[in-house]
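Here is a short note to read beside the model. Please keep the structure open and check each point as you go.

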Amino acid sequence: MIPVEAQACGCPVIAYRGGGSLETVQDGLSGIFFAEQNADHLICAIQKFETLPWSDHRVRHQVEMFSREAFKTRIRKIVDERQDRQDQTKHTAVALQTA
């Protein structure tokens with residue numbers, strides 16, 4: 001969760017290439033990955049991180065899909081689709097009963 005919060009503030013992150021970071025960090029756009037959990041790989045990631053230009057706007061944009069508003073929109077869509085299916089099923093059942 002911390003990498004997403006940092007990125008939402010426009011801060012790129014250095015993250016281990018595994019777990020949830022694979023879904024939330026875009027290598028070179030919103031952060032840098034390191035492949036193995038040891039000092040050498042972390043040092044390489046930090047050195048690469050320091051050479052790249054970071055756009056706080058681009059970093060924030062990469063995690064907008066995790067915003068509260070995006071979550072509400074996706075949930076509303078799921079609920080509306082399910083409601084539409086239920087309404088269609090009820091309408092079909094009523095039509096069959098009256099036929």
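1. Start with helix 4, residues 56-62. Arg-60 and Asp-56 are 4 residues apart there, so about one helical turn separates them. They form a salt bridge, with the closest N and O atoms 3.7 Å apart. A salt bridge here is a side-chain nitrogen of Lys or Arg within 4 Å of a carboxyl oxygen of Asp or Glu. Helices (H or I, at least four residues) and strands (E, at least two) are DSSP runs, numbered from the N terminus.

2. How accessible are these two residues? Arg-60 is partly exposed at 31% relative accessibility. Asp-56 is partly exposed too, at 44%. Buried means under 20% relative accessible area, exposed over 50%, and partly exposed in between (1.4 Å probe, protein chains only).

3. A word on the source. This is a predicted model: local features need pLDDT of at least 70, side-chain atom pairs count only at pLDDT 80 or more, and totals for chains, interfaces and linings use all residues. Residues are numbered from 1 along each chain as its sequence is written, and side-chain values use heavy atoms, leaving out hydrogens and water.

4. How many salt bridges does the structure hold? There are 3. One of them joins Asp-80 and Arg-76, whose closest N and O atoms are 3.0 Å apart. Both residues lie in helix 5 (residues 68-98), 4 residues apart, about one turn of the helix. Asp-80 is partly exposed at 33%, and Arg-76 is partly exposed at 48%.

5. Arg-17 and Asp-27 also meet in a salt bridge (3.6 Å, N to O). Arg-17 lies in the loop between strand 1 (13-16) and helix 2, and Asp-27 in the loop between helix 2 and strand 2, so the pair ties together parts 10 residues apart in sequence. Arg-17 is partly exposed at 41%. Asp-27 is partly exposed at 35%.

6. Now look at Ser-30. It sits in the loop between helix 2 (21-24) and strand 2 (31-34). Is Ser-30 buried or exposed? Ser-30 is buried, because its relative accessibility is 0%. Its side chain makes a polar contact with the side chain of Gln-7 at 2.8 Å. Beyond its neighbours within four places in sequence, Ser-30 is in contact (heavy atoms within 4.5 Å) with residues including Pro-12, Trp-54 and Gln-62. A polar contact is a pair of N or O atoms within 3.5 Å; within protein, one must be able to donate a hydrogen and the other to accept it, and residues adjacent in sequence count only if both atoms are side-chain atoms.

7. Last, the cysteines. The structure holds 0 disulfides (cysteine sulfur pairs within 2.5 Å). The sulfur of Cys-9 is 6.3 Å from its closest cysteine sulfur, in Cys-11, so it is too far for a bond. Cys-9 is exposed at 60%, whereas Cys-11 is partly exposed at 39%.
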